[in-house]
Amino acid sequence: QMCIRDRYQRRVHGDKIRGANNAQQKKEFLQALMREGQKVMMIGDGLNDIMSLAEANVGVAINPKSELNLLAADIVLLSDDLTKILDLFKLCKYSLLLIKLNLLWAFIYNIAAIPVAAGVFYQSFGLKLSPMVSSVAMSLSSILILISSNSLRLLNLKQLNLDLFKNNLSPRSCAVSYTHLT
């Protein structure tokens, strides 16, 4: 346990890593970080992590050993490989990017199509859309958004190069529990 903690303390601020703590100590540590205004992700794999998983802003259960871990965690990883956490950050950032793109597309489409469909530009420019064309355009817009959203299925996280630690997703914001990983 000490070698894992020492290895992570070199990469992350040393006062943010704790190991071999009981459930109450973990919960108190998370509460102290949250009182400082930090966003906290708790990664846990045992029964003693349940309170902390529920308390954290984001609780990640890795290789859960009980149903209680599944209920307490926001995210469940079925492997005990901690590198999957980086893939999780990439997936979240890509999902947010897709949400923003879909909203932008829908906003632009509605700003352009609704006035034309309502006949606002008919007197000035002679532009109008029949109800049939408007309904087909709206259906195509929805299909485009579905295709864009389903692109997550094709995502190769290893090749996706995103700045993971931008916008408060820094290693110092994560409290790591690794009690049973050795």
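**Fold and nonpolar cores of the protein chain**

The protein chain holds seven helices and four strands; helices (H or I, at least four residues) and strands (E, at least two) are DSSP runs, numbered from the N terminus. Along the sequence, these elements follow the pattern α-α-β-α-β-α-β-α-α-α-β.

This is a predicted model, in which local features need pLDDT of at least 70, side-chain atom pairs count only at pLDDT 80 or more, and totals for chains, interfaces and linings use all residues. Residues are numbered from 1 along each chain as its sequence is written, and side-chain values use heavy atoms, with hydrogens and water left out.

The protein chain has 182 residues, of which 32% count as buried, that is, under 20% relative accessible area with a 1.4 Å probe, protein chains only. Its accessible surface, from the Shrake-Rupley method with a 1.4 Å probe, comes to about 11,600 Å², and 62% of this belongs to carbon and sulfur atoms. Of the contacts (heavy atoms within 4.5 Å) between residues at least 6 apart in sequence, 53% join residues at least 24 apart.

A nonpolar core is a set of buried Ala, Val, Leu, Ile, Met, Phe, Trp, Tyr and Cys residues joined through side-chain atoms within 4.5 Å. The largest one has 11 residues, among them Phe-29, Met-42, Ile-50 and Ala-61. Two or more of its residues come from each of α2 (23-35) and α3 (50-55), and α2 gives the largest share, three residues.

Apart from neighbours within four places in sequence, Ala-61 is in contact with Gly-44, Leu-53, Asn-69, Ala-73, Ile-75, Val-76 and Leu-77. A second, separate core has nine residues, including Val-60, Leu-77, Leu-82 and Ile-85.

Conventions: Buried means under 20% relative accessible area, exposed over 50%, partly exposed in between (1.4 Å probe, protein chains only).
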